[in-house]
Amino acid sequence: MTRMYRWFAPAGAATIVLAAQVGIQLAGAGPAAAVTGIEKVTSPLSAVDSQQTHTARAQCPAGKWVIGGGGWAFAVAAADSAKVTLVQLFPEHRTDGTPDSYVVTGSETTAAMTGDWWVQAYAICASPSGLAGYQVVGTRNSATSSPVEVEARASCGTRRALGGGARIVNPGRDVALQVSRASATGDIFRATAHEDANGYAGNWTVDAYAVCVNRPAGYQVVTTASTQSDSEAEKIAFARCPTGTRVHGAGAAISDAAPGGVSLQVIYPANALDDVEVFAVENTPVSQDWDFIVSQAICAS
């Protein structure tokens, strides 16, 4: 299929649903209020070479906490554009004096990939004083070789997810992310990963992460579908926050109709924190329609 876009750097399968969950850190509860001190931090590029995986870490300024983020996997040569994918995007909240960060890992999807490529991470950070009820919640699931597709859900209970992420454990080159997004109401954050069409003999799983807080002022989850909804080799979607609100977290999802071999490559919160851009590709040619993708902006005042 003809590829529609070339992105350039800005600087019958079983499904298992897993939800074993742990809290990482909890702040005191309080009334709903606006999040303060919000800013986006962009990591340096990872190494630019032909290694199987690359990882980048965007660190929050000292004294600020991570509330969301995104990532970008990019092959330098146009001919290799579909051969890399995101496999991990997750918030890391620290209590040992190390700055909070948002961690992104990408992977090659084929051993035939010999060109250079890189990943970049984006952290959205905020002042703790505006984050009543703050807690990073993550699932911890056991790896298995039986599923073709796995979904995980991290729950905020009565609070709301400002952001979140997804992490594949032991993806090899054969498992890729298809979902990393909040629910429509923001009470949970979902992650889904899928083996490619050839399957995968290794043990693997996926975990979901949610950055939970008491519902902030102006909170809403904006989800927008791509205009492409057939068998296009690449799809792009944009979600924009309403006037008076800003992006606090980012998400993305490929339709449930998508088979293996289709994956997320970009979840990009704009520098102005007014919208989120999402990009998905066929890592190997797919003849069937895989419907639309969605971009998600988690917005608040």
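Is Asp275 buried or exposed, and what is its relative accessible area? Asp275 is buried, with a relative accessible area of 9%; buried here means under 20%, exposed over 50% and partly exposed in between, using a 1.4 Å probe and protein chains only. The views below come from a predicted model, in which local features need pLDDT of at least 70, side-chain atom pairs count only at pLDDT 80 or more, and totals for chains, interfaces and linings use all residues. Residues are numbered from 1 along each chain as its sequence is written, and side-chain values use heavy atoms, with hydrogens and water left out.

**View 1. An open sheet of 6 strands with antiparallel pairing.** Follow the strands in the order E3-E8-E5-E18-E19-E16; strands (E, at least two residues) are DSSP runs numbered from the N terminus, and two of them pair if DSSP finds at least two bridges between them. E3 and E16 (234–240) stand at the edges with a single partner strand each, so one side of each has no neighbour in the sheet. Neighbouring strands are turned by 25° against each other on average, direction ignored, with axes taken as lines fitted to C-alpha atoms.

**View 2. E16 beside E19.** E16 and E19 (residues 275–282) pair in the antiparallel sense over 7 bridges. At one of these positions, Glu234 has Val281 in E19 as its bridge partner. Look also for Arg240 and Asp275, whose closest N and O atoms are 3.4 Å apart in a salt bridge (a side-chain nitrogen of Lys or Arg within 4 Å of a carboxyl oxygen of Asp or Glu). Arg240 lies in E16 and Asp275 in E19, so this pair ties together parts that are 35 residues apart in sequence.

**View 3. Further salt bridges, from a count of 12.** Glu92 and Arg94 meet through their side chains at 3.7 Å, N to O, and Arg94 is partly exposed at 30% relative accessibility. Elsewhere, Glu232 forms a salt bridge with Lys235, with 3.8 Å between the closest N and O atoms; Lys235 is buried, at 0% relative accessible area.

**View 4. Ser46 and its contacts.** Ser46 sits in the loop between strand E3 (39–42) and strand E4 (53–59), and counts as buried at 9% relative accessibility. Neighbours within four places in sequence aside, Ser46 is in contact (heavy atoms within 4.5 Å) with His54, Thr55, Ala56, Trp118 and Val119.

Technical notes:
Helices (H or I, at least four residues) and strands (E, at least two) are DSSP runs, numbered from the N terminus. Axes are lines fitted to C-alpha atoms, for helices over the stretch in contact, and angles run from 0 to 180 degrees between N-to-C directions.
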